[in-house]
Amino acid sequence: MSHNSGRKGMLERLDDSVRWTGIPAIAAGHPRRRSLRWPSVAVLVLATAGFLVGFGQPNQWWGYAILMLGFGLANLMPILGPVKPWGGPERVDEFDRALRARAFLAAFSALAAVAVIGLWAIVGLSLVQGWTADALRSTIMKLAFVLATIYTAGPTCYASWARAPIDDED
Amino acid sequence: MFNRIALLRHDRGLSRKDLAEAVDVNPQTIGYLERGDYKPSLELALKIAGVFGVQVELVFSLQPFPSITDALRRAGEQS
């Protein structure tokens with residue numbers, strides 16, 4: 001009797017690892033959506049921290065790196081999070097539509113507030129501190145990435161905290 | 001809003017998935033309804049009542065439903 005009976009082979013393990021990523025389920029049009037409470041908070045904190053660290057400093061690379069890390073991870077939120085997109089293959093019922101509407105309303109409210117505060121802060125500080133054109137351009141670009149992060153991770157964050165996860169099983 | 005979806009569902013031997021398919025929603029939506037986290041549209045409430053074959057006010061109520069024990073006790077007293 002072989003010692004390997006019952007053990008998975010290399011190919012089966014590779015299949016399992018691919019399934020674990022959730023990518024085959026996404027490709028099949030049935031992504032396993034989950035509550036992303038802390039991950040969504042983490043990417044928003046990363047993006048905000050990166051923006052604040054590099055505020056008004058065009059050559060401050062690690063603040064920019066933190067911001068881009070947050071922005072990059074935020075792009076996974078709509079794929080894996082509880083908010084179903086418009087026009088996707090998934091069944092979107094009235095609960096999903098109501099949750100999506102509230103989530104985007106909250107995210108757009110936050111986005112508008114950050115945009116107004118951020119733009120006025122940039123205008124004010126650039127005048128007071130005499131920023132160079134390079135510093136101004138760099139900071140406005142970083143603010144744009146923060147706003148994009150709020151757009152992608154904000155609805156997921158709201159929806160994840162607004163509803164307690166429910167078990168799929170009966 | 002209060003509802004008896006879980007009670008009626010168990011009484012009829014329906015899973016969340018069965019009921020969800022009957023009224024064309026996701027099973028999680030039935031879970032949120034049962035937990036009281038979501039108020040259904042009138043259309044969905046009527047569909048759910050239709051699946052159980054009862055009037056909508058027997059499934060949904062703005063007041064808490066009496067417990068089964070109380071309802072049975074009252075029924076026993078009346079008979």
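This is a predicted model: local features need pLDDT of at least 70, side-chain atom pairs count only at pLDDT 80 or more; totals for chains, interfaces and linings use all residues.
**Secondary structure.** I looked up the elements of chain A first. I counted seven helices and zero strands. Read from the N terminus, the order is α-α-α-α-α-α-α.

**Overall dimensions.** I then checked the extent of chain A. The C-alpha trace spans about 80 × 45 × 25 Å along its principal axes. I noted a radius of gyration of 21 Å for chain A, whereas a compact globule of 170 residues would have one near 15 Å. For burial, I found that 26% of the 170 residues of chain A count as buried. I also looked at how far apart in sequence the contacting residues of chain A are. Of the contacts between residues at least 6 apart, 76% join residues at least 24 apart.

**Domains.** I asked where chain A is divided. Domain 1 covers 1-32 and domain 2 covers 36-162. Their centres, taken over C-alpha atoms, are separated by 34 Å. I found that four residues from domain 1 of chain A and four residues from domain 2 of chain A make up the contact between them. On the domain 1 side, I listed two nonpolar, two polar and no charged residues.

**Contact with chain B.** Next I went to the contact between the chains. Chain A gives eight residues to this contact, and chain B gives 14 residues. I sorted the chain A side by class and got six charged, two nonpolar and no polar residues.

**Nonpolar core.** I asked which residues have the most contacts inside the largest nonpolar core. They are A:Val43, A:Ala47, A:Ala153 and B:Ile48, in a core of 37 residues. I noted the general background that nonpolar side chains tend to be buried together in soluble globular proteins.

I traced the core back to its helices. From chain A, helix H3 (37-53), helix H4 (61-74), helix H6 (94-129) and helix H7 (133-162) each supply at least two residues. I found the largest share, seven residues, in H7(A).

**A:Ala47.** I finished with one of the residues that have the most contacts inside the core, A:Ala47. I left aside its neighbours within four places in sequence. The remaining contacts of A:Ala47 are A:Leu67, A:Gly70, A:Phe71, A:Ala74, A:Phe145, A:Val146 and A:Thr149.

Conventions:
Residues are numbered from 1 along each chain as its sequence is written. Chains are lettered from A and ligands numbered from 1 in the order in which they are written. Helices (H or I, at least four residues) and strands (E, at least two) are DSSP runs, numbered from the N terminus. The radius of gyration is taken over C-alpha atoms; the globule rule is 2.2 Å times the number of residues to the power 0.38. A residue is buried if 20 or more other C-beta atoms lie within 10 Å of its own, exposed if 12 or fewer, and partly exposed in between; C-beta atoms are placed from the backbone. Two residues are in contact if their C-beta atoms, placed from the backbone, lie within 7 Å. Ala, Val, Leu, Ile, Met, Phe, Trp, Tyr, Cys and Pro count as nonpolar, Asp, Glu, Lys and Arg as charged, and the others, Gly among them, as polar. Domain bounds come from an automatic or database domain assignment. A nonpolar core is a set of buried Ala, Val, Leu, Ile, Met, Phe, Trp, Tyr and Cys residues joined through C-beta atoms within 7 Å.
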